[in-house]
Amino acid sequence: MARLILNPRHPARVVVLGFGSATVIGTVLLMLPIAAESRAATSGITALFTAVSAVCVTGLVVVDTETHWSMFGELVILGLIQIGGLGIMTLASLLGLLVARRMGLRMQLVAASETKTLRLGESRRVVIGVIRMSLAVEAVVAIILTARFILGYDEDGWRGLYLGIFHAVSAYNNAGFALYSDSLVGFAADPWIIVPITTALVIGGLGFPVVFEVTRSIRRHHRARRWSLHTRITLVTYTGLAIAGVIAVIGFEWTNPGTLGPLSIADKLLAGGFHGLSPRTAGFNSVDVGAMHSSTLFITDVLMFVGGGSAGTAGGIKVTTFALLAFVIAAEIRGEPSVHVLDRRLAAPVQRQAVTVALLGMGAVVIGTITLLTITGMDLDVVLFEVVSAFGTVGLSTGITAEIADPGLIVLIALMFLGRLGPITLATALALRDRGRRYELPEERPIVG
């Protein structure tokens, strides 16, 4: 059985096993009395939910991170966030490089599967690049946040450094965990806190391949038109959805007394911009999400479901999937025999993958929503928001997470795990075996629509 799981022909299984193992270890550590501020053992379901939320870089919590967990517990959560954000097999690949100075074929296959490396020979370079970029961004953001916490909020040196590092790592990995009971509400009008965190979550959410290619082209003075199709689609779609999200949040919440209403114009723009980007899938909030209008919650649902870029720290079905579906629809409406995207023809397998990811994601959200509605009896608005937040590994909540019974928490745990690994990865890992087709049946066209 172990040989089947570790078979290099099934790298998805290794990725799932890695995330599962990290979850189990994190759960055990969080159940220890030393992990709680009260020095009492935490219940299994609470520890499991928190561990999954951290390793899947979601941010949903059933207990207050600031008051329930001790520093040991917070460090466990921070470690799980870093492991989950970078990827289990990315870190394992780095360890192999450090120990053996090389990557075997099996590890290259698994690393390529997790980092979405297009060519096998790139695995070693990509793994090292992922680690370097992650640590560099986290370090810069941590320095800025540390300085602000110490100079602007009178935190002592060590406490300020701890807050800076924790929130920098949480932001870059799009985890949404904060060491304040109200997340970042207390800093809604502070650009020295909001802007660095926003920058980190955007860089992490774009995806490693996109950031690598853009930075490389800048160093080599290449023009944008030489970027790969993936990078161009990601940047255009991500930017478009970001602008639409910011405008929608600011427009709908401008006069809402529970959110942006009491703020000055500059602070409204800052908080509105932050909440237009956070659902992509950072999960921090600087205003009360539970007080938002239903229209804003629905817009946020859409942004959370789409998510960010592929092979990054964001969740959702990914902006490339969303864009490719739009191109397929446009080609079908125009009656074109093939799908063309930015001077390239889109391969049929890619089209099938996009449809599969979107439909599996929608199915998971529908089933999860119906199940939670049955279990909790809560309103559709808040339940749908919670389900999409879990599947998109966002972590935003209207405040109902702690009120959900254990069976409902199990549903959210499954959604977070599915959202972090991706529907296709999980489905491939669970498949009994690969099936090849040696013949094709006669073609027939049923009526569609």
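**Close-up 1. The buried residues of helix α13 pack against α10 (191–206), α12 (229–253) and α14 (294–306).** Like the other views here, this one comes from a predicted model. Helix α13 covers residues 265–277, which makes 13 residues. From its first C-alpha to its last, α13 reaches 18 Å, close to the 18 Å expected at 1.5 Å a residue. Have a look at which of its residues are buried: Lys268 and Leu270 are among them, together with the run Ala271, Gly272, Gly273, Phe274, His275, Gly276 and Leu277.

**Close-up 2. Phe149, Tyr153, Tyr180 and Phe187 come together in one aromatic cluster.** Seven aromatic pairs are found in the structure. For the pair Tyr180 and Phe187, the ring centres are 5.1 Å apart and the planes meet at 75°, so this pair is edge-to-face; the angle cut-off for that class is over 60 degrees. Are these two residues buried or exposed? Tyr180 has a relative accessible area of 18% and is therefore buried, since the limit is under 20%. Phe187 is buried as well, at 7% relative accessibility.

**Close-up 3. Leu32, Ile34 and Phe72 make up a nonpolar patch on the surface.** Phe72 belongs to helix α5, which runs over residues 71–86. How does Phe72 count at 32% relative accessibility? Phe72 is partly exposed, because that class lies between the buried limit of under 20% and the exposed limit of over 50%.

Terms used:
Residues numbered from 1 in each chain as written. Predicted model: local features only at pLDDT ≥ 70, side-chain atom pairs only at ≥ 80, totals over all residues. Heavy atoms only, no water. Helix = DSSP H or I, 4+ residues; strand = E, 2+ residues; numbered from the N terminus. Expected span 1.5 Å × (residues − 1). Buried < 20%, exposed > 50% of the residue type's maximum accessible area, 1.4 Å probe, protein only. Contact = heavy atoms within 4.5 Å. Patch = residues over 30% accessible without salt bridge, like charges linked within 9 Å, V, L, I, M, F, W, Y side chains within 5 Å. Areas by Shrake-Rupley, 256 points an atom, 1.4 Å probe, with all protein chains shown as cover. Salt bridge = Lys/Arg side-chain N within 4 Å of Asp/Glu carboxyl O. Phe/Tyr/Trp six-rings, centres within 6.5 Å; stacked < 30°, edge-to-face > 60°.
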